[in-house]
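Biologist: I would like to learn how to read this fold. Please take me through it feature by feature.

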Amino acid sequence: MTAAVRMTVPRLAAWKEAGRKIPMLTCYDFTMARILDACRIPVLLVGDSLGQVVLGYDSTLPVTLDEMIHHTRAVTRARPWGLVFADLPFMTYQPSVAHALEAAGELVRAGRADGVKLEGGARSVAAIEALVAAGIPVMGHLGLTPQSVLALGGYGVRGREAVEAETIRRDAAALEAAGCCSLVLESVPALLAAEITAQLRIPTIGIGAGPGCDGQVLVLHDMLGLFGEFRPRFVRRFLEGADLITGAVEEYVRTVQEGTFPAAEHSYGPGGKTPACDPKRTTPRGAGSPEAGGE
Ligand code: KIV
C-alpha cells in the first residue's frame, strides 16, 4: 500500500465544509489500531471509557494519566493514518491550567497523541485556551460528561430542559471561541445537536445525539458487541463479538481436550530454521510468514 498523507486537524474542518461525515471510534491498543486504521477511520479516540471496557473500573473516574499514556502509546505505535486523540482523565485538568498543560503535554510527548479531549463548557475554557496556545489540538465534550457522573447523578440524557439546552448551546459557542478543533456531543436530543452543529464552524461528533452531527463516535467494545449486556438506545451492534469469541474459544477448548489440536500441520519437525523472532508474533517476520522458521 502506498503511504498516504496522514489525516490532519485542519482537514477535519474541511470535511465538515464539504459535508463529509466523520466516523470516529474509540481504540485502546495496537492490534485494534491496526485493524481500524486499515478501515481508514479518520479519528481514533483513546477514550477514558478505557476504565470500564478494558480495565474493569465501574466509571471513568479512577483512570490515571499513566494508564492513558500507556494505552495511547500502544495505539500510536501502530502509526495510524487517522488522528489519535486521547482523553485527559479526571482531575488532570480540572484543578488548574498548569495541571492541564502538564497532563496534555505528556499525552502528546510520551503518548504521541495528535490532540486531547476534555469535558466541560465555560469551566474548561481557560485550560482549552492555554492548550491551544501551546499548540495542542483540543476536542471539547458537552452534554453528558461522564467525569461529572457524581454531580449529575447518573448517565441520563442532558439538555431536554430549556435552561440546560441553552447552557449547552452557550458552552458550545464558548468552546469554539476558545479554539477547540471539534466537539463531542454526548446524549443530547437530536434537534439540539443538529442546531449546535449548524451554528458551529468546527465539526461536531455525536454519540447518542442523533444523525444531525458532522460525525459519530461509538465505544468500540459497544459496537462490536464485546461489552456484556450494555445496550443503550444509541448503540448499534455491528457485530455480536462476544458470541463469536465465545464460539471460537469453546471450539479451541474442545479440540485441545479431544486431541485434534495441535495437529501435524501446527507442529515443527526436527529440521528447519529457528524462527527469527518470537513465533507468537503475527507481524511480517512472525509465525506463518515465509521468513519464519518453517518445518
Ligand atoms: O471515553 C470515551 O469513550 C468517550 C466517548 C464516549 C466520546 O469520551
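Modeller: Start with one residue. Valine 116 touches Phe85, Ala86, Leu88, Ala104, Leu107, Leu131, Ile136 and Val138, leaving out residues up to four places away in sequence. Contact means C-beta atoms, placed from the backbone, within 7 Å.

Biologist: What is the source of the model and its numbering?

Modeller: This is a predicted model: local features need pLDDT of at least 70, side-chain atom pairs count only at pLDDT 80 or more, and totals for chains, interfaces and linings use all residues. Residues are numbered from 1 along each chain as its sequence is written.

Biologist: Which residues have the most contacts inside the largest nonpolar core?

Modeller: A nonpolar core joins buried Ala, Val, Leu, Ile, Met, Phe, Trp, Tyr and Cys residues through C-beta atoms within 7 Å. Buried means 20 or more other C-beta atoms within 10 Å of a residue's own. Here the largest core has 66 residues, and Cys27, Leu44 and Val116 have the most contacts inside it. Helix α5 (residues 97-109) supplies the largest share, 5 residues. Helices are DSSP runs of H or I, at least four residues; strands are E runs of at least two, and both are numbered from the N terminus.

Biologist: In what order do the strands close into a barrel?

Modeller: Strands pair if DSSP finds at least two bridges between them. The 8 strands close in the order β1-β2-β3-β4-β5-β6-β7-β8, with parallel pairing. As an example, 4 bridges join β2 (residues 43-46) to β3 (residues 83-87). Leucine 45 has phenylalanine 85 as its bridge partner in β3.

Definitions and conventions
A residue is buried if 20 or more other C-beta atoms lie within 10 Å of its own, exposed if 12 or fewer, and partly exposed in between; C-beta atoms are placed from the backbone. Two residues are in contact if their C-beta atoms, placed from the backbone, lie within 7 Å.
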